[in-house]
Amino acid sequence: MNNLVVDLDFIDNRTAEQAACETKISAETNTGHFRKLYIESYGCQMNFSDSEIVTSILFKEGFDTTSDINKADVVFLNTCSIREKAEQTVRHRLVHINGLRKRRPGLIIGVLGCMAERLKKNFLEEEKIVDLVVGPDAYRDLPNLLNEVDNGQKAVNVLLSREETYADINPIRLNSNGVSAFVSIMRGCNNMCSFCVVPFTRGRERSREPFSIIREVEDLVSNGFKEVTLLGQNVDSYQYISEDGSVNINFAGLLERVAQVNPNLRVRFSTSHPKDITDEVLYTIKKYDNICNYIHLPVQSGNSRILELMNRTYDRDWYLNRVDAIRRILGEDCGISSDMITGFCSETEEEHQDTLTLMDYVQYDYSYMFYYSERPGTLAARKLQDDVPLKVKKRRLAEVIEKQRQLSLQRNQLALNTVHRVLVEGYSKKSTEHLSGRNDQNKVVVFPKQHFQKGDYVNVLVTDCSVGTLIGEAVD
């Protein structure tokens, strides 16, 4: 295994290697269109959301989607560059897909997203394993690019934009459970974290105008959805100012407007940046019962020197101040999760211990945990030496994972003998006699099916738990 990430929310059901490169495949649609599109999406929820935008654009060009790659006329891999594991997975997949050309020489293969921008020359000119390469800000150009490929040319557009938000495009929900949906509120990132490729692959930050966001949420509610998650690389820096200056809405203001769409609509958001999350946002969460009591607040390291090398623009004390504010305003039961990197450049044993002690202080409900892998083109790759031995990185990661397992179990045990409002998402992964959903703190809750259905809100008394799951029974 070249890298490792563990999401403890699914630790009972997924291996660490699977979690390192989550994949979604386009669902089947049959509306009579004459061409079939197959999309594999890798990595983060932003990529999955982008695939829904791509599907909407190409639906108008005569494409249905298929979940069977053997039926596809066009195959897209929507890629992620944030971890080495994800890139390797995509490369292996492209080799396999190219083997399909022997049976179907007219098959069009394209790479979308972050890898497309970063490796366009490799894919098109050197390895010659794709027909088109399209960056995350160029999806509107897909009809023209496909036309070029149809005419025998290779096609590429990886230009980044300072304006594109796809605000007017209504996404086609590819893998929807009919209950929860993701709504993109902004694109790009202005935070130049030294380990991260996102600013180089997704461009500068720009906020989507709020009225289109509200319309999309209203449309989801009218179609029966019960939960939305507002997506952005850094949602707390959302800021929309109209050209005449008459409208000025920050993230707290947007969050409030979304919550007001319908009191029965659950609202979540991801991701928050510790330098930007404000008390105003926290008080907005407290004000509305339908804004979930859960915050993903990536720390990356518990040591101030390492945070400075990472260019995170906050230190340990600042981060703990924000955690204290969450506990003061929202209470001890507010769910907090994190991202953590072990073995960053020059990290000492004492600095690693600072991460463990910070975890003890915060009491995270779960975390996404990695050991550091250098990404080409990042500030760290250019300016810092990746000098922590791999064996040490892995050992430190194992210690962080074990610490998080202990904390996750402790936090879950606090839920015992209490009632939680659960939004049913579907069957449990282990039994069709049990349903699974999430509570306010984003924890998975499993309980006997009885007469309940997907999309129901159910009060569940929690009677048992594991590291990653609460177990209970429905009560009146």
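What follows is a working chat about this predicted model.

Q: Before we start, what kind of model is this, and how are residues numbered?
A: It is a predicted model, in which local features need pLDDT of at least 70 and side-chain atom pairs count only at pLDDT 80 or more, while totals for chains, interfaces and linings use all residues. Residues are numbered from 1 along each chain as its sequence is written, and side-chain values use heavy atoms, with hydrogens and water left out.

Q: OK, which residues does the UniProt "binding site" annotation cover?
A: According to the unreviewed UniProt entry, that annotation covers C44, C80 and C114; UniProt positions are given in the numbering used here, feature names are shortened, and annotations may be inferred rather than shown by experiment. The three span 71 residues in sequence, yet no two of their C-alpha atoms are more than 10.9 Å apart, so they gather at one spot.

Q: Where does C80 sit, and is C80 buried or exposed?
A: C80 is in the loop between β5 (74-79) and α3 (84-99), where helices (H or I, at least four residues) and strands (E, at least two) are DSSP runs numbered from the N terminus. With 7% relative accessibility C80 counts as buried, a term that means under 20% relative accessible area, with exposed over 50% and partly exposed in between (1.4 Å probe, protein chains only).

Q: And what does C80 touch?
A: Not counting residues up to four places away in sequence, C80 touches Y42, G43, N47, A86, E87, C114 and M115, contact being heavy atoms within 4.5 Å.

Q: What about C114, where is it found?
A: C114 belongs to helix α4 (residues 114-118), and at 7% relative accessibility C114 counts as buried. Its contacts, not counting residues up to four places away in sequence, are T79, C80, S81, T201 and R202.

Q: How many disulfides does the structure hold?
A: The structure holds 0 disulfides, a disulfide being a pair of cysteine sulfur atoms within 2.5 Å. The sulfur of C292, for example, is 10 Å from the closest cysteine sulfur, in C334, which is too far for a bond, and C292 is buried, with a relative accessible area of 2%.

Q: Switching topic, what is the order of the open sheet with β12 in it?
A: That sheet has 3 strands in the order β9-β12-β15, and the pairing is parallel, where two strands pair if DSSP finds at least two bridges between them. Its edge strands are β9 (180-184) and β15 (266-270), each of which pairs on one side only. Between β9 and β12 (residues 227-231) there are 5 bridges, and V183 stands opposite L230 in β12.

Q: How enclosed is strand β20?
A: Of the 5 residues in β20 (residues 434-438), 4 are buried, so this strand is largely enclosed by the rest of the structure.

Q: Which strands is β20 joined to by bridges?
A: Strand β19 (residues 419-427) is joined to β20 by 4 bridges, running antiparallel, and L423 has R438 as its bridge partner in β20. Strand β21 (residues 444-448) is joined to β20 by 5 bridges, also antiparallel, with S436 standing opposite V446 in β21.

Q: How many residues lie between the strands in those hairpins?
A: The β19 and β20 hairpin has 6 residues between its strands, while the hairpin of β20 and β21 has 5 residues between the strands, and there N442 takes a positive phi near 70 degrees.
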